[in-house]
Structures are given as C-alpha cells and as structure tokens.
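Subject: Structure for you to look at

Hello,

Here is the structure I promised you. Please open it next to this email and follow along.

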Amino acid sequence: MGRRSKAGDVPFARSAALYERARGVIAGGVTSAVRAGARPHPLYFERGRGPYLWDVDGNRYVDFVLGYGPLILGHAPPVLRRALSRQAGRGLTFGSQHRLEVEVAAILASVVPGAERTILSTTGTEAAMVAVRVARALTGRRLILKFEGHYHGWSDALFVATAFDPARSGPADRPAAVPGTEGLARGAIDDVIVATWNDLPRVRALFAERGPEIAAVIAEPLLVNGGVIPPEPGFLEALRQLTRARGAVLIFDEVITGFRLALGGAQQYYGVTADLAVFAKAMAGGVSMSAVTGSREVLDPVAAGRPAHLGTFNGNPLAAAAAVATLRHLAEGAEQIYPRLHALGERLADGLRSAAPALTVRQVGPIVNTAIGEPAIVRNVRDRASADVAAHARFVEALLRHGVHTTPRGLWYLSTAHGEEEVDLAVAAARAAIAEGT
Ligand code: PMP
C-alpha cells in the first residue's frame with residue numbers, strides 16, 4: 001500500500017503546503033476544530049472510493065474516519081452517486097415542498113421506533129437544538145439534564161460538560177456545567193445540570209432536587225464521543241421510567257448510533273424508546289441532513305407553530321435524495337448488512353487487541369474505540385483520566401504511515417464497503433506501528 005513502509009518518511013509534502021496556505025486564509029487553518037488535532041498536521045484528501053481514501057500526495061488509506069461517521073456505505077457509493085446526479089439535474093433546492101422530503105419522513109416512520117412524526121434539518125447540532133426547544137415548549141420548564149462527556153453539537157444550549165477536566169469539572173457526584181468553549185451565553189450554562197454517565201443515584205438526586213424544572217434528559221444512548229462507553233444494564237430503562245414519571249422529555253441523541261448500531265438505531269438495539277430521537281451523520285450517507293423523530297403528542301406543538309423550526313436548507317432535495325437512497329439501501333439489505341457490520345466490528349476489535357496488547361479496545365457493533373493507558377473497565381469519562389492521549393496520537397500517526405486513516409482521539413467507524421481484507425490490513429498496520437515503538 002504505497003510508500004509508507006518506513007516510519008520517518010515524509011510523504012505529506014503537498015498536504016503540508018496546502019495547510020500552510022490555508023492558515024493564511026482560513027481562521028485556524030481547518031474548518032472544524034477537531035480536525036486541527038491531526039498529526040503530523042491536517043491532511044488534504046483528493047478522493048474516496050469504497051473503504052479507501054487518497055490524499056493529495058497520492059497516499060492511499062483504508063479509511064476508518066468515514067467523515068466522522070456519515071459514510072455508512074463507504075465513499076462515493078454507486079447508489080448515492082446515481083441518486084445525487086439524478087436530483088442535481090432536476091434542481092438543487094426549491095425552498096418549498098417536494099416528494100422526497102415526504103419519502104424521507106415516511107421511511108423514518110417505518111424504521112425508527114416511535115417515529116410518528118419527523119422534523120428535518122441540516123446538521124446534528126441543529127436537530128439537537130430543536131429537540132431541546134421542543135422539550136422546553138412542551139413542558140414549560142427550562143432545565144436540561146445532560147451527561148458529562150456527551151456531545152450534542154456546539155449550540156449554546158448544549159455545548160456544556162462535553163469533556164472531563166480535572167481542574168474544572170468538580171466532584172463525580174456533582175459534576176459542574178463546564179462551558180465547552182469561550183463565548184457561551186451565561187444563561188445557557190445556568191440551564192444545564194450534569195450527571196456522570198451511568199450514575200443513576202445522581203440522576204435521581206437531581207430529579208428529587210429540581211424535578212419540576214427539568215424539561216429534558218438528553219443522552220447519547222451509547223456514549224460514543226466519550227469513548228464508546230455503553231449504558232449499564234437497566235440504565236436507559238431507568239432514564240425512561242424516571243422521565244416518564246416526572247413529566248420530562250427523554251431525548252436520545254442518535255447522531256452517531258442512528259442507522260449504524262441497527263437500522264432503528266440505539267432505540268432498536270437497546271430496546272428503549274425515547275420521546276425524541278435525533279439523527280444526522282449516516283442518515284444521508286455523507287450529505288448533510290438531520291432529523292428529530294418522535295410521537296405525535298410530543299411533536300404536535302411544532303405542528304402548531306409554538307416552538308419555531310426554520311431553515312433555508314431544511315429537507316432540501318439533494319439531501320433528501322441522498323437520505324432516501326441511503327435509507328432504502330440499508331432497509332432493503334438490513335438482514336445482511338447489520339450482522340455483517342457487527343461481525344466486522346468484532347473482528348477489528350479482536351484483531352487490535354491481539355496485535356497491540358497496550359491498547360484498550362472497546363467496541364459496540366461497527367464502532368470501535370482505542371486508547372492507551374486506560375483501565376480495562378470504564379463507566380464514564382472520568383474513569384479515562386489516566387489515558388495517555390499523546391501516546392495514542394503517536395500511534396494514530398504511525399498508522400497513517402502504514403496506510404490506515406483513523407481519528408486521533410481513538411474512534412474507528414466501519415462501513416458496508418469495508419471487508420475482512422481492510423480490517424486485516426488495519427490490524428497488520430497496528431501491529432507494525434506498535435513494533436516501531438509508538
Ligand atoms: N450529536 C452527536 C452525538 C455527535 O456525535 C455530533 C457530531 N459529532 C453532533 C451531535 C453534532 O452534529 P453535527 O456535527 O452534524 O452538527
């Protein structure tokens with residue numbers, strides 16, 4: 001696989017030159033903050049096909065970043081190329097209604113548990129934001145209970161307590177609402193209360209203290225952004241029961257888990273149905289589209305125009321064409337696709353464990369997390385405090401030189417375009433990277 005046979009090669013010269021140029025014209029050099037963390041520096045890519053990605057220096061990689069999750073069918077899948085070019089010839093956006101948006105919502109109603117009604121938007125951030133607004137409008141309450149280390153996009157309302165920072169996050173039994181960035185509205189922080197993941201006593205205590213003010217509990221039902229940490233048995237069920245009993249809205253953020261853990265997402269996989277579920281990423285296979293689904297009762301206030309939902313690009317035909325093609329493809333092949341994705345996830349996780357015993361590997365279906373220096377069992381992001389982030393970043397850089405592209409912080413995604421061959425290439429690359437002493 002190309003020219004990365006020796007650590008120490010510098011095969012990224014064109015990327016380096018582009019990055020240099022970018023820093024002169026793009027604030028920060030990259031267009032989303034997480035991308036700045038790439039080593040040796042952000043790379044520039046030319047094209048992707050199936051499980052492979054080529055950079056501007058001509059290096060080929062097996063891609064496990066997959067656009068940070070959307071590319072459930074791999075790069076440039078034929079089914080999407082066809083749907084997009086057909087729609088591109090008919091018009092890109094109408095600012096009005098069209099058949100495909102109805103089709104998207106109808107498919108969601110048939111595959112997503114509890115999806116009697118759908119709201120369409122453009123990004124995961126927007127969809128999570130509108131879900132919270134719906135919850136506040138419905139309940140007339142203002143507090144959002146979220147979990148530390150869970151990420152629900154970067155809106156003011158939710159970009160809070162997304163990581164554990166020993167200096168600022170407070171004690172485990174009373175985690176602080178640490179702003180995720182400078183520049184947040186103070187009110188946004190005041191309206192968020194925080195629990196550590198899997199800490200049911202804390203959730204119960206918060207309901208005991210502030211129950212009548214809690215509009216919603218929001219969670220990634222499988223904590224992916226915090227490092228693939230599953231809910232403990234009974235935890236999601238307890239959230240379901242508590243929110244129902246206390247009149248709060250339960251929101252599952254399925255932006256990553258949607259159409260990935262199962263066709264019906266984490267709600268299907270774990271057998272717990274929230275009041276609202278938020279989707280984006282894989283929904284349109286790599287084109288930007290998001291959705292909030294839920295019951296008629298919960299989404300009726302939107303129908304009545306109480307919480308506003310707006311957006312120039314909402315439900316646009318190009319994105320809708322991509323969503324219909326992706327979701328139909330997944331729905332028609334679900335019986336083969338999901339068992340295969342899960343088996344590949346297991347193969348990757350087992351392979352990485354045996355290739356590199358220094359790695360801690362967690363995996364649920366086609367989502368894998370690697371780390372160095374962590375305990376074998378973690379219940380929440382605080383338990384990961386011992387992680388050697390720099391050593392893991394060196395490992396990921398070494399992987400790059402062996403033709404494997406994955407995320408610096410340790411998330412690996414699989415697609416239907418990946419096969420055992422690509423997984424085995426990644427395992428061999430990990431073995432080589434570790435042998436070189438990363
Ligand atoms: N929720 C979750 C669970 C996510 O992982 C992300 C994106 N990483 C978002 C929301 C925000 O989605 P977007 O980047 O499309 O705004």
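Start with one cut-off: a residue counts as buried when its relative accessible area is under 20%, and as exposed when that area is over 50%. Keep in mind that this is a predicted model.

Now apply the cut-off. Leucine 327 has a relative accessibility of 1%, so this residue counts as buried. Look for leucine 327 in helix α10. What does leucine 327 touch, leaving aside its neighbours within four places in sequence? Its contacts are Ile107, Leu108, Phe259 and Met283.

Next, find valine 104. Along the sequence, leucine 327 and valine 104 are 223 residues apart. In space, their C-alpha atoms are 8.2 Å apart. Valine 104 has its own set of contacts, again leaving aside neighbours within four places in sequence. They are Leu120, Met283, Met289, Ala320, Ala323 and Val324. Met283 is therefore in the contact list of leucine 327 and also in that of valine 104, as the general rule on buried residues (under 20%) lets you check by eye.

**The largest nonpolar core**

In soluble globular proteins, nonpolar side chains tend to be buried together. Here the largest nonpolar core has 32 residues. Which of them touch the most other members? They are Val104, Leu108, Phe259, Met283, Met289, Leu330 and Tyr338. Four elements each supply at least two residues of this core: α2 (78-88), α3 (99-111), β9 (276-279) and α10 (317-355). Helix α10 gives the most, with twelve residues. Why does this core lie between domain 1 and domain 2? Both domains give residues to this core, so it lies between them.

**The two domains**

How many residues are in contact across the two domains? On the domain 1 side there are 30, and on the domain 2 side there are 41.

Now turn to the second largest pocket. Its volume is about 340 Å³. It is lined by 14 residues, and the closest to its centre are Ala83, Arg86, Leu100, Ala321 and Val324. Helices α2, α3 and α10 each give two or more residues to the lining. The largest share comes from α2, with five residues. By class, the lining has seven nonpolar, two polar and five charged residues.

Find aspartate 63 in strand β3 (residues 60-63). Is aspartate 63 buried or exposed? At 1% relative accessibility, aspartate 63 counts as buried. Not counting residues up to four places away in sequence, aspartate 63 touches Pro51, Leu53, His75, His405, Tyr413 and His418. Glutamate 422 is 359 residues from aspartate 63 along the chain, yet their C-alpha atoms are separated by 9.0 Å.

Last, go to histidine 392 in helix α11 (residues 389-401). Histidine 392 has 4% relative accessibility, so this residue counts as buried too. Beyond residues up to four places away in sequence, histidine 392 touches Leu359, Thr370, Ala371, Ile372, Thr407, Pro408, Arg409 and Gly410.

Best wishes

Conventions:
Residues numbered from 1 in each chain as written. Predicted model: local features only at pLDDT ≥ 70, side-chain atom pairs only at ≥ 80, totals over all residues. Heavy atoms only, no water. Core = buried A, V, L, I, M, F, W, Y, C linked by side-chain atoms within 4.5 Å. Buried < 20%, exposed > 50% of the residue type's maximum accessible area, 1.4 Å probe, protein only. Domains from an automatic or database assignment. Contact = heavy atoms within 4.5 Å. 1 Å grid on protein atoms, 1.4 Å probe; cavity = no way out; pocket = protein on both sides within 12 Å on 5 of 7 lines; lining within 4 Å. Points joined across faces, edges and corners; volume = space filled by probe spheres on them. Nonpolar A, V, L, I, M, F, W, Y, C, P; charged D, E, K, R; others polar.
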